[in-house]
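Please open the structure in your viewer and keep the selection tool at hand. The tour moves from one selection to the next and says what is there at each stop.

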Amino acid sequence: ITHLPQVAAYAEHHYRVAKQKTPDGEVASQLSKLDRQEKIQAVAELLGGLNITATTLKHAEELIQKAH
């Protein structure tokens, strides 16, 4: 697990971990495997936060391509 886009770009497989409260007030975790486009989006989020632009997406894709 990392929050560094330069490190995340090197991973072969990407997963998103999300937590949410259940109706009974407990916290549940959800794990989902990301496809290539979702991987680019995830790395872009690490690069740009909430403001994802075409440039941020391009930068994320370039990081991933250079890593492989």
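This is a predicted model: local features need pLDDT of at least 70, side-chain atom pairs count only at pLDDT 80 or more; totals for chains, interfaces and linings use all residues.

Begin by selecting residues 54–67, which form helix α3.

From the C-alpha of T55 to that of A44 the distance is 9.2 Å, although the two residues are eleven positions apart in sequence.

Next, select α2, whose 13 residues should span 18 Å at 1.5 Å a residue, in agreement with the 18 Å between its end C-alpha atoms. The buried residues of this helix are K39, I40, A42, V43 and A44, and what they pack against is α1, β1 (15–21) and α3.

Now show the charged side chains. Side chains of opposite charge can pair when their charged atoms come close. How many salt bridges does the count come to? The count comes to three salt bridges, and each can be visited in turn.

- Select R16 and E45, whose side chains meet in a salt bridge with an N to O distance of 3.5 Å. This pair links distant parts of the chain, with R16 in strand β1 and E45 in helix α2, 29 residues apart. R16 is partly exposed, with a relative accessible area of 34%, and E45 is also partly exposed, at 31%.
- Select R36 and E61, which form a salt bridge whose closest N and O atoms are 3.8 Å apart. Here too the pair links distant parts of the chain, since R36 belongs to helix α2 and E61 to helix α3, 25 residues apart. R36 is partly exposed at 42% relative accessible area, and E61 is partly exposed at 31%.
- Select K58 and E62, a salt bridge in which the closest N and O atoms are 3.3 Å apart. Because they are four residues apart in helix α3, about one helical turn separates them. K58 counts as exposed at 53% relative accessibility, whereas E62 counts as partly exposed at 32%.

For the next stop, show the surface and select Y15, V17 and L31, which make a nonpolar patch of about 340 Å². One of them, L31, is found in strand β2 (residues 27–33) and counts as exposed because its relative accessibility is 59%.

Finally, zoom out to the whole protein chain, which has three helices and two strands, running α-β-β-α-α from the N terminus on. Its C-alpha trace spans about 45 × 25 × 20 Å along the principal axes. Of its 68 residues, 22% count as buried, and its accessible surface comes to about 5,300 Å², of which 53% belongs to carbon and sulfur atoms.

Terms used. Residues are numbered from 1 along each chain as its sequence is written. Side-chain values use heavy atoms; hydrogens and water are left out. Patches are made of residues with over 30% relative accessible area and no salt bridge: like charges are joined within 9 Å, nonpolar side chains (Val, Leu, Ile, Met, Phe, Trp, Tyr) within 5 Å. Accessible areas come from the Shrake-Rupley method with a 1.4 Å probe; for residues, only the protein chains shown count as cover. A salt bridge is a side-chain nitrogen of Lys or Arg within 4 Å of a carboxyl oxygen of Asp or Glu. Buried means under 20% relative accessible area, exposed over 50%, partly exposed in between (1.4 Å probe, protein chains only). The expected span of a helix is 1.5 Å times one less than its number of residues. Contact means heavy atoms within 4.5 Å.
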